[in-house]
Amino acid sequence: MDIERYGKFLIFKFEEKILLSHLRMEGKYYLAHYENSSYQKGLTYQPEEEDSKFNKHVHLVFEFTDESLLLYHDVRKFGRFYLFTYNDYLTNPRSPLVKLGHEPFNEKDGTYLYSKAQKFKKTTKELLLDQSVLVGIGNIYADEICFLAKIPPQKSAFTLTKEDCDLLVSKTQEVLNKALELGGSTVRSYHFANDASGRFQNELNVYGREGEPCYLCGTPISKTKIGGRGTHFCAHCQQELPSKKIRVIGVTGLISAGKSMVSSAFQKAGYHLVDADQIAKDCLVKGESCYQKVLETFGREILRSDGEIERSKLREIVVKDEVALTKLNSLIHPEVEAVIVEKIKDERKCFLLDVPLLFEAGLDKLCDLTIFVNTHEKVRRKRLIARGTMPLKEAAKLNSSLLEAIKKMAKVDVIIDNSLTREATDFQVKSLIEKIRQLNLISK
Ligand SMILES: [Zn+2]
């Protein structure tokens with residue numbers, strides 16, 4: 001009998017039959033012997049006490065001619081088995097191997113991956129996870145591979161170059177080799193799944209390290225969701241700027257994420273700040289563009305005694321009423337956009353647009369580059385409370401905005417993570433400004 005591995009499948013090659021085994025979440029195999037077990041050949045065995053190898057979680061027993069046994073153990077019963085013959089295990093439409101992609105270790109370079117990437121409509125991370133492209137890359141490995149290749153996991157797969165794919169393939173081999181090596185050295189205690197993952201854990205660069213400093217640059221590791229899977233990356237090391245002149249930059253982020261710190265660094269570097277919130281405020285002033293329209297929609301009860309709009313009253317209304325909020329936005333956003341377009345007209349100058357609702361208002365279309373300032377939820381809450389601007393109850397509500405942040409992170413070009421020290425943030429902002437400067441010097 002022979003055993004091979006293909007991706008996440010084990011292939012048992014018996015005399016006449018082929019058995020495919022997929023462990024899924026918790027399946028594992030143990031070796032055992034007749035003499036030191038209560039197992040009786042050919043008989044249904046009686047499960048012993050819980051901690052024995054022969055407990056109720058053993059679902060399959062292989063008996064070998066040399067009196068050894070192989071037990072399949074699976075607490076959650078997610079594992080799968082398929083029985084085929086030599087003639088059809090690679091061709092039968094029911095065989096899971098039919099749909100499988102290439103084995104990464106057989107790839108000499110990125111040619112095959114590149115051909116798949118060009119037709120792939122999702123992100124690089126999803127490309128790596130897709131078992132019909134390459135087999136055997138799990139969620140943890142995919143994050144580590146992207147990090148080592150210095151490619152953002154959210155990058156659209158079809159934009160990958162042949163060189164990117166060469167790098168991804170070689171890093172895939174590197175990561176899988178390391179995992180196999182570590183797993184291989186712990187064979188005797190392999191059934192203690194925690195031991196094995198514990199050892200591999202020590203080697204991880206990004207996975208499971210949200211908020212901790214990147215080993216290469218000190219930037220806190222970011223976490224987002226891609227294709228429903230938790231995804232970790234370094235916003236600095238895995239950053240990619242569009243290859244064009246960058247004159248207008250849009251910056252956004254949740255309340256108290258540290259947007260102002262980023263804006264002031266850009267201003268010091270010579271950028272002209274365009275503050276969308278201020279523009280929105282200005283056009284609500286009596287006699288300005290939005291004043292009359294807002295008054296007609298929301299009535300005179302939003303007015304102060306001096307005839308100016310009381311912004312807090314307006315906010316009270318729209319906070320509770322989704323329809324009213326949409327209505328207000330539809331009045332204000334076009335005005336704000338018109339003012340911004342006018343302000344950024346001068347082609348010689350560079351601008352930084354500070355827009356809380358950059359994507360919601362569709363203002364990202366005016367930008368050559370978009371930045372999202374991210375801060376770890378816990379840190380943000382602490383800062384808000386320390387500032388005294390928000391009661392605890394309000395701060396707790398911020399959780400819902402986390403989802404919003406994740407969505408934005410998938411859309412932006414650059415993420416700046418402001419969860420750790422001031423120095424770590426400064427470093428990211430300064431090196432970004434320098435990168436943009438270099439890019440603008442060479443682009444025509
Ligand atoms: Zn880094």
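The zinc ion sits in a tetrahedral site, with angles of 101 to 113° among its 4 donor atoms; the model described here is a predicted one. The donors are the SG atoms of Cys214, Cys217, Cys234 and Cys237, which coordinate the zinc ion at 2.3 to 2.4 Å. Along the chain, these donors follow the spacing C-x2-C-x16-C-x2-C. Distant parts of the chain are linked in this way by Cys214 and Cys234, which lie 20 residues apart. Cys214 belongs to the loop between α5 (193–201) and β8 (222–226), whereas Cys234 belongs to the loop between β9 (229–233) and β10 (248–253). Cys214 counts as buried because its relative accessibility is 4%, under the 20% cut-off. Cys234 is buried as well, with a relative accessible area of 0%.

Attention now turns to a β-sheet elsewhere in the sequence. Three strands make up this open sheet, in the order β4-β6-β5 and with antiparallel pairing. The edges are taken by β4 (28–33) and β5, each of which has a single partner strand, so one side of each remains without a neighbour in the sheet. On average, and with direction ignored, neighbouring strands of this sheet are turned by 25° against each other.

The pairings can be followed strand by strand. Antiparallel pairing joins β4 to β6 over 6 bridges, and it joins β5 (residues 58–63) to β6 (residues 68–73) over 5 bridges. Tyr72 of β6 features in both pairings: it is the bridge partner of Tyr29, and Leu60 stands opposite it. A hairpin is formed by β5 and β6, with 4 residues between them, and in its turn Glu67 has a positive phi of about 75°.

How values were computed:
Residues numbered from 1 in each chain as written. Predicted model: local features only at pLDDT ≥ 70, side-chain atom pairs only at ≥ 80, totals over all residues. Heavy atoms only, no water. Donors = N, O, S within 2.8 Å, 3.2 Å for Na, K, Ca; no water. Tetrahedral: all angles 85-135°; square planar, octahedral: opposite > 155°, others 65-115°. Helix = DSSP H or I, 4+ residues; strand = E, 2+ residues; numbered from the N terminus. Buried < 20%, exposed > 50% of the residue type's maximum accessible area, 1.4 Å probe, protein only. Pairing = 2+ DSSP bridges. Axes fitted to C-alpha atoms, helices over the stretch in contact; angles between N-to-C directions.
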